Structure formats: structure tokens, C-alpha cells
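Reader: I should like to learn how to read the features of a structural model, one at a time. Please give the general idea and then the case at hand.

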Amino acid sequence: MLYFKNKRVYWMAHLKPPAWNLMDRSEFIQSAALWTAGSVSSINATSFNQNLVSNDMDKLVDAQGNYVLQSLPYQESFLEPYMDAETVHLHYTFHHGGAVKGANKDIQMIKKALDENNLETVDYWTKKLTLHFSSHILHSIFWTNLTNKKLSPTGDLLARIEKSFGSLDRMLALLAETSKNLDGNGWGILAYQPYSNSLVVLQCENHEKLTQWGCIPLLVIDVWEHAYYLKYKNKRADFVDTMFQIIDWDNVAQRLSSALKLTR
């Protein structure tokens, strides 16, 4: 397991070398499969499970460990006219909701393969879990990143943006171009990078590709077509520019504050 302590990264430090000798080949393969499934979001999942931000959307699992789709933090019409209610409904119910259902099935199939000692399909299901669970994480952030009025970053968040990018405008320009010019579907992401103690902008293909290990996402821009096509048609750039008008910078600041506490 990857975790932080005093800004140093440790990888499975609790597992002493002699323990490897106690595993036979079958046990090792099964353990490796579970580690692979768990590594989908080693830092991100930990962040959410420790209540990265105090809102229900960040509670990704129930008491039994099943992935759950939490209620939206507002009415489906809340983001009008920037994002239409029909798009919010379809996006949240079928795309985000579909990812949650998919992740639960993926976990069940991995457990089934382990119970039956038949690991031939594990590679397929762990890849599916990577896609579905990453979608669940990013969508949960996305909904809480939005409000229906214009806000501006302040305090430590603004100071760190200026330190990492030179100015707020430079960061927004980078995030905008990163989001607009992504090939296919995916996300533009502003994240906290613990290794360098800095903010970074990432371009994420689908829900899981081209990301940096250990980064904690603070602000995400969904540029899958289902996020904007009903209202904006093929004008992704217009959608991205509009999203910048309704970013809940207070939520982004909360996420940064919690990320800093988790990685000290």
C-alpha cells in the first residue's frame, strides 16, 4: 500500500522481506491480483475514505464496502443555464451511476475468480475496475466542484496557484487548453502533487490514463461528450469556458486543505 508520512512515500513498508518466503506461488498470484485491484486509486480512495471533504458525495462506499452513488448536492436544475437539467440528470443517473454499478460488478468478478482459484479473467476485470472506479471518483469531485454563481480562489489556494503557475490566469489558460484539446474523451484536472508540494495540471484520457501516481485531484473538468452534447453540441471549448464561470473555489480550497493534512 502506498502512503505518505512526513512527505516521504512508503510502499508496503509493513511487509518485511521474509514474509515473501512464506507465500507459495498461488498465494502470491492471488495477493497480487488484490493489490492490482486496490491500486486503482491508492491515494484517491484513501483520501475519500478519510472524508477528504466533508460532504456526502465523497463517501464512495457503504459500510459493507460496496460502491454507492450518493445523492447530488443540489437539484438537477441548480446549474441552469450553464448546464441544463436534462444533461445533469442523464449524466448523473446513467453515466456516473453506470460506473458505480460497473465497479461493483468488477469487484464481485475478481472475488469470484479468487474464490474459484481461476485467475484467467482477473486481468480483464481489474482493467474494467480501473475505468469504472476512476470514473466514480472523478464524477464525485466534479459535481461538488460546481456552483451556480461566479466565485474566485483566495487565501492559500490562490497563493499556491500563483506559486505553481505564475498567476491564476496562467493556470486557467493551461487547464482550459488541456481540457479542450484532449483527444477523445476524458478530463482536465488541477491536482496537488505531494512529491513536489505543488499544484499540477493533468490531462486524463478516459477516466484513468495519463495520470500521475500520488496526485490528489482538486478540480476536474469533464469533457466526455455526454457532459455537454445536449446543450453545447460539438462545441467543447464553449462548454469548458462556461464551466470556469461556475467553479466552486471554496470546494477546491477545502480539497487542497484536506490533501495537505493527509500528506504531511
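Reader: What pattern does the chain follow when read along the sequence?

Author: Helices (H or I, at least four residues) and strands (E, at least two) are DSSP runs, numbered from the N terminus. Along the sequence, the pattern here is β-β-α-α-α-α-α-α-β-β-β-α-α-α, with 9 helices and 5 strands in the chain. The model is predicted: local features need pLDDT of at least 70, side-chain atom pairs count only at pLDDT 80 or more, and totals for chains, interfaces and linings use all residues. Residues are numbered from 1 along each chain as its sequence is written, and side-chain values use heavy atoms, with hydrogens and water left out.

Reader: How is the span of a helix judged, and what span should helix α3 have?

Author: The expected span is 1.5 Å times one less than the number of residues. Helix α3 (residues 85–115) has 31 residues and should therefore span 45 Å; its end C-alpha atoms lie 44 Å apart, which agrees. A bend is the angle between axes fitted to the seven residues ending at a residue and the seven starting there. In α3 a kink of about 30° is centred on His-91. Just after α3, Asn-117 takes a positive phi of about 55°.

Reader: Which residues of α9 are buried?

Author: Buried means under 20% relative accessible area, exposed over 50%, and partly exposed in between (1.4 Å probe, protein chains only). An α-helix has 3.6 residues a turn, so residues three or four places apart point the same way. In α9, the buried residues include Val-252, Arg-255, Leu-256 and Ala-259. Of the 264 residues of the chain, 46% count as buried.

Reader: What does the side chain of Arg-255 make a polar contact with?

Author: A polar contact is a pair of N or O atoms within 3.5 Å; within protein, one must be able to donate a hydrogen and the other to accept it, and residues adjacent in sequence count only if both atoms are side-chain atoms. Arg-255 has a relative accessible area of 0% and is therefore buried; its side chain makes such a contact with the side chain of Thr-144 (2.7 Å). Thr-263, in the segment after α9, is buried at 6%, and its side chain reaches the backbone oxygen of Ala-259 at 2.9 Å.

Reader: Which residues does Ile-246 touch?

Author: Contact means heavy atoms within 4.5 Å. Ile-246 lies in the loop between α8 (236–243) and α9. Not counting residues up to four places away in sequence, Ile-246 touches Leu-79, Tyr-82, Asn-145, Leu-146, Thr-147, Asn-148 and Lys-149. Ile-246 and Asn-148 are 98 residues apart along the chain, yet their C-alpha atoms are separated by 5.5 Å. Because its relative accessible area is 0%, Ile-246 counts as buried.

Reader: Why is the pair of Tyr-232 and Phe-239 edge-to-face?

Author: A pair of aromatic rings is described by the distance of the centres and the angle of the planes. Rings of Phe, Tyr and Trp (its six-membered ring) pair if their centres lie within 6.5 Å; planes under 30 degrees apart count as stacked, over 60 as edge-to-face and the rest as tilted. The structure holds 8 aromatic pairs. Tyr-74 and Phe-78 are stacked, at 4.8 Å centre to centre and 15° between the planes. The rings of Tyr-232 and Phe-239 have centres 5.5 Å apart and planes at 70°, so this pair is edge-to-face.
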